[in-house]
Amino acid sequence: MVWAVVSLVSLLSLQACSGAPHAPPTYGVVHYGEVQHREPKEEMHLQNIQKTQWALFVPCGDGTFIHYDYWCDGLYYHCANFADELSCNTSQMVACGDGNYVQPSQWCDGQYYHCPNFADELSCSNTGTGTGTGTGTGTTGSSGQCGQQAISPSSSGKILEGAQATANSWPWQVSLRLVLANGIHFCGGSLISDQWVLTAAHCIHAYSSPSNWKIKLGLHQVDGSAEQERSVVRVIKHEQYRHTPHPYNDIALLKLDRPVTMSQKVTSICLPTSMTPDNTYCYVTGWGAVGYDSQGTEVMASSLKQARVPIKTNSYCSAAWQGNYDSSNMVCAGYDSLSQGGDSCVGDSGGPLACPSADQSRWEVTGVVSWGENPCGTNYTPTLYTRVYNFLGWINNKMAND
């Protein structure tokens, strides 16, 4: 995978094209119709690092490696065990209170949590830097609460080709339509209040003007009619977003031209109130690719699809992505093999990874579809999502001050 717009990889479609040659999986950016290839994934195996670019990598001490540019960069933890920052000189840094340190400029910066215990933001007095209530500006759905479904979703466990979602059962799912390309579906997004949509920064990176976008809400068939449609008046990309070699700080907000009308088909999802525990089963939804044709071209979904995926441990994700996983910035979810279930793909980017709250009373947006393998499902390495909980300060600040 390389940049995911989540979709569900079809067992039948993969079998159908199993005889067709595919290029080896590569790192890069999969952006609806645009792929920037990087080094072949095989070359990233640890046994090959020593053979090729050993001098460029530093061991974390837990069996994983990171690029030397990330060692003691003072920005965030790249090693799953935090070794890249914990071994640095702390005399000019601020203590988190748990044995970790951050740069003075990161303390109460209102962008995201740099301390593993979140002390750098939780101790601040600014209204937008704490964990909040998980509901953003407090705007609620038709039932009076965020994260509630008026229409029951289909109960799908093991997903092979991506189960078709019950129409409007994920009422916070929105479609970002690119005006410059005749209004095609370009990325997914999540309605988090009556006037704000959460999506991935890589979706809007090349199209930052609000006039480039239309938002469709209450949509099921990708080319069908939506219950509501809105223009965009503000596009906010994370200030420290990095596009290559893979997305980092991959988060963005879109402000709608006017509030939406909450209904059974259009409702906001809650922002997370806590970290989603490992092995929690969540749902990823979108209109992304469901497989590939004989020419290797993505076959896009015509209606909204859903996949049930488990949250993986940080150690698993770090090993699977060989140093490209940062637990302070990302969360990964998915399966180890095709027989276990579905995953996300091109066209789902920016969409929600919806997980149950701690008390099981509502749905929270734990992740934003960010990136993964290319072609999707080649090795079934779990997809990477932006970890929303660590960006709550940034999200709340932007919504409160705009």
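Q: Which residues form one aromatic cluster here, and how do I read that?

A: Start with the pair rule: rings of Phe, Tyr and Trp (its six-membered ring) pair if their centres lie within 6.5 Å, and planes under 30 degrees apart count as stacked, over 60 as edge-to-face and the rest as tilted. In this structure, Trp170, Trp172, Tyr283 and Trp363 make up one aromatic cluster. Keep in mind that this is a predicted model, where local features need pLDDT of at least 70, side-chain atom pairs count only at pLDDT 80 or more, and totals for chains, interfaces and linings use all residues. Residues are numbered from 1 along each chain as its sequence is written, and side-chain values use heavy atoms, with hydrogens and water left out.

Q: How many aromatic pairs turn up in the whole structure?

A: The search finds 8. Take Trp170 and Trp363: their ring centres are 5.2 Å apart and their planes sit at 75°, so this pair is edge-to-face. It links distant parts of the chain, with Trp170 in the loop between strand E7 (163–164) and E8, and Trp363 in strand E20 (residues 363–371), 193 residues apart. Strands (E, at least two residues) and helices (H or I, at least four) are DSSP runs, numbered from the N terminus.

Q: Are Trp170 and Trp363 buried or exposed?

A: Buried means under 20% relative accessible area, exposed over 50%, and partly exposed in between (1.4 Å probe, protein chains only). Both Trp170 and Trp363 are buried. Now try Tyr207 and Trp213, whose centres lie 6.3 Å apart with planes at 85°, so they are edge-to-face. Tyr207 is partly exposed at 25% relative accessible area, whereas Trp213 is buried at 1%.

Q: How do I read strand pairing, and which strands does E11 pair with?

A: Two strands pair if DSSP finds at least two bridges between them. E11 (residues 213–217) runs antiparallel to strand E8 (residues 173–178), joined by 5 bridges, and Val174 has Leu217 of E11 as its bridge partner. E11 also pairs with strand E12 (residues 228–237) in the antiparallel sense, over 4 bridges. There, Ile215 stands opposite Arg230, and Lys216 has Glu229 as its bridge partner.

Q: What do these strands build?

A: They belong to a closed barrel of 6 strands, running E8-E9-E10-E13-E12-E11 with antiparallel pairing. As for E11, 4 of its 5 residues are buried.
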